[in-house]
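These are my notes from going through a model chain by chain.

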Number of protein chains: 2
Amino acid sequence: MTTDTLKRISRSPLTGKDYEIPTILDDKSGIDAFVASHPGKKVVVVQGLGFVGSVMGLVVANALTEEYAIIGIDLPTPASYWKICSINEGVFPIVASDPKIELYYQNALSKKNYYATYDSHAYSKADIVVVDINLDVQKKTGLNRELEGYNVDLAPFKKAIAAIGANCKEDVLVLVETTVPPGTAQKIVRPILEESLTQRGLPTDKIKVGHSYERVMPGPKYIDSIQNFYRVFAGTDEKSAEAVETFLRTVIRTDEYPLTRLGNTNATEMAKVLENSFRAMNIAFMVEWSRFAEEAGVDIYEVVNAIRMRPTHKNIMLPGLGVGGYCLTKDPLLASWARMNLFGSEEKLGQSERGVHINDKMPLYAFEYLQSQHNGSLQGKKVLLLGVSYLNDVGDTRYTPVEGFYEQLEAAGCEIVLHDPHIKYWEEKDIWVSQDLEELMNGVYDIIVITTGHKDYRNNAFLLEKIKQQASGVVYDTIGVLTNEEIKSLSEKHTVKVIGRGDL
Amino acid sequence: MTTDTLKRISRSPLTGKDYEIPTILDDKSGIDAFVASHPGKKVVVVQGLGFVGSVMGLVVANALTEEYAIIGIDLPTPASYWKICSINEGVFPIVASDPKIELYYQNALSKKNYYATYDSHAYSKADIVVVDINLDVQKKTGLNRELEGYNVDLAPFKKAIAAIGANCKEDVLVLVETTVPPGTAQKIVRPILEESLTQRGLPTDKIKVGHSYERVMPGPKYIDSIQNFYRVFAGTDEKSAEAVETFLRTVIRTDEYPLTRLGNTNATEMAKVLENSFRAMNIAFMVEWSRFAEEAGVDIYEVVNAIRMRPTHKNIMLPGLGVGGYCLTKDPLLASWARMNLFGSEEKLGQSERGVHINDKMPLYAFEYLQSQHNGSLQGKKVLLLGVSYLNDVGDTRYTPVEGFYEQLEAAGCEIVLHDPHIKYWEEKDIWVSQDLEELMNGVYDIIVITTGHKDYRNNAFLLEKIKQQASGVVYDTIGVLTNEEIKSLSEKHTVKVIGRGDL
């Protein structure tokens, strides 16, 4: 195949099936037929079929008090086109441990109310467009993953909004759920839409633009993290706010989880990045303390557990390998960028940025510590990493801190074996991951590192026994998964190290 | 009076009574008589009669399951001698809104089991010494209160421990409650005591040294914050830990608030400074966000309240005038100092130190903001400050952020009037404070600043009415006490500013 042909194929990582991306991008008849088959129903277009959008579409397809016709839209690219096909073929493009996903999807299939497309023609049918596309931060990292700067490129986001504006009805509600720099709905989304409407000779006073951020948690409570959870929202004007509220009330269980309306969209946009910055900063805060604990022969876990007994201190964090996922690794930067670039401040959010820097370096600290335990060289060591996901009990590799740790080990000349019960294929690194712990534990390792806190590694007698059967080596628990009893029993033959604890 | 005579007087700020400090410091007969009048009872000496020690003495005098004879000890200095006299005369040296204080004190008076002295002879009678003296950090501040450095001078603390060692029984339990640099009990207290015992020809293997930090909160739950609250403890060896536990069980309601024993005293010492650093850092974190909120026209209070609905984010802080009190303003520095000076680390706790710096500058930000609202000059402005205490509904001026704010206003040429319902006399500034809001509100002010969140200022219709009766001026709420309705009604004549909110 030539490169050109390659580019036109989109492969499903779920089924392995290849889809050829059409040369002529026209799905008008498909869209029109879908809408026509749901007469009288409002059409909700969900823009972006990623971790948030595809499942948001599912929740809207299973709305509580209204029947919608849902169109999911994404780009006809190798990375995304398969999702469109998959939805239309009856295979949901996301695998999750939440049984509600399958339940909701089967329900949508029987109602035939969830269609997917790449064609912007869909926006012309929409009563509501829910924006769930990504807005990324480009980090510039130097040696050792030191953050040297970052850039927020709004161009792809603006282009996506412009696609709505070029097609939408004049009174559509555009509800942004994407985590955006504070100020975006008011200063970017609304002006783009108004300009498009003006160019199309349409009035601009009927369009509604709001912001309501999701708090989606992939995993066993995936659906509930959308449908059964608190929501904060705002509109760029009064009628936008009312339209957002009306819509959210039909899909979210607002009787149990009341909506919170804020004064303006700057506030909701700030709330989202602030809550993630709060968490990122609290993780960063523990980095230096866990190192101090190591120096002082203190078990930081027992200290933190003692402190957590105070209700005012319940949210103090524990140490770990690092911070991963799509949000905590970038949201403080989005906010800082907005402060300077959308509100003209001369000051950045320095502490919040620093939190990101510190967290980004955590895997490096873990690596350096491990190296220091081996006279400064890990050359030729056989290393087993238990866990690739950044999150316990979930298969999510986005910005996982295991990546930085892995790269350091690789550069140091280690032979690395990966295990994760939830991940078969590590997309970002293009590596296959074993899910067979039994088989892996027949191998012999110099170093075994617990890199994710999956419950599969907790109180696992088999794992413990297999490690004990190995010749001596280093067991490095970067999460604090091992109990004191387990550490004691391992210590007979192995050197056991736990991050944030002194000599064991 | 000559200076010499002046120095020998200690005046009670409660009663105004003067006590002459004796030239010959000998209270042996008093101590011996007290102990003799409580035969068979264990003697507990509480070292330090400040905010913690005096009330700890009271709690021990009202122990749950044992009858102790308590001797409070402090220095025969102008600042402290009156406390000794006051206790022996039947006037408790601390005024607090907690009714249990008076109840417990009357009970101690009827049992005659709480004696006070300055004479180190008391240590020779002690079965248990509870160390509740201060351990201060000397901050070096430059222009505008910028923290330029700090110093931890352990000399007074070491001297106090040496006084115990020079007199104590060989098997005494020394329980340190003072917030100390991690490492202190093991590396400083125990060696000093062992050396003293050796010099006195006594064995060193019977002495017991432990650490258990207090979480005392002056105010309406003063007693409960000692007796009905979680405690963390550790010993420098096994028998020390056991002795501490036995003692704490007799004074603390451990059935409802179970004790937590940690692995070593480094851990308990670290837990205390870590929990305060956590809080200080979380306050500092909000400083830049509340300024960003001002810039973006966002009400940070509604944002934070929305975020707090998430259980994982309940402890996110609100903005304010600054941080005060004895703990949060210094504990992160104690920890950082210990890391470098007691554990030889080359790294300080940089983020935690930075949190202290930022918090120290908060009153300056508030002042600068006020100044910027007056074309850069506050010369000749008449300013009413509502609140001097650093804590709501409590009269505690230690390191109150109002001090820095007051000094800035003073230097800017303002005429300042102070009100606080809980403070008559501001010791640190040697100023009398009015408690008569009615009278004060007959005055005319250019600027009224809410500097403490006392409930007296919340939903106070009288205060609101009186402000409205004033000619125009600025009302600056640095705490977020005013409701939206109050702000609206004031805004007719006044410019109302609230810290962490955009234009109102």
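I began with helix α12 (residues 331-341) of chain B: nine of its 11 residues are buried, so α12(B) is largely enclosed by the rest of the structure. I took buried to mean that 20 or more other C-beta atoms, placed from the backbone, lie within 10 Å of the residue's own; exposed means 12 or fewer, and partly exposed is in between. Helices (H or I, at least four residues) and strands (E, at least two) are DSSP runs, numbered from the N terminus. The buried set in α12(B) includes B:Asp331, B:Trp337 and B:Arg339.

A note on the source: this is a predicted model, in which local features need pLDDT of at least 70 and side-chain atom pairs count only at pLDDT 80 or more, while totals for chains, interfaces and linings use all residues. Residues are numbered from 1 along each chain as its sequence is written, and chains are lettered from A and ligands numbered from 1 in the order in which they are written.

I then looked at helix α3 (residues 53-61) of chain A, where nine of nine residues are buried. Among them are A:Gly53, A:Met56 and A:Ala61.

Next I checked strand β11 (residues 231-235) of chain B. Five of its five residues are buried, with B:Arg231, B:Phe233 and B:Gly235 on one side and B:Val232 and B:Ala234 on the other. I recalled that side chains in a regular strand alternate between the two faces of the sheet. Two strands pair if DSSP finds at least two bridges between them. Strand β10 (residues 208-212) of chain B runs antiparallel to β11(B), joined by three bridges, and B:Gly210 has B:Gly235 as its bridge partner. Strand β12 (residues 259-261) of chain B pairs with β11(B) in the parallel sense, also over three bridges; here B:Phe233 partners B:Arg261. With helix α9 (residues 238-251) of chain B between them in the listing, β11(B) and β12(B) make a right-handed β-α-β unit. Right-handed means that, with the strands pointing away from the viewer, the path from the first strand over the helix to the second runs clockwise.

I found strand β17 (residues 447-450) of chain B covered on both faces, by the burial of B:Ile447 and B:Val449 on one side and B:Ile448 and B:Ile450 on the other. Four bridges join β17(B) in parallel to strand β13 (residues 382-386) of chain B, where B:Val383 stands opposite B:Ile447. β17(B), helix α16 (residues 461-469) of chain B and β18(B) make a right-handed β-α-β unit.

Which residues meet between the chains? I counted 45 residues of chain B in contact with 44 of chain A, contact being C-beta atoms, placed from the backbone, within 7 Å. α10(B) (265-296) gives the most to the chain B side, with 16 residues. Of the interface residues of chain B, 98% are also interface residues in chain A, so the copies meet through the same surface.

Last, I superposed the copies by least squares on C-alpha atoms of residues with pLDDT of at least 70 in both. Chain B is laid on chain A with an RMSD of 0.0 Å by a turn of 180° and a shift of 0.0 Å along the axis. The two copies are thus related as by a two-fold rotation axis. B:Asn315 is the residue of chain B that comes closest to the axis, at 3.3 Å (C-alpha).

Methods: Contact = placed C-beta atoms within 7 Å.
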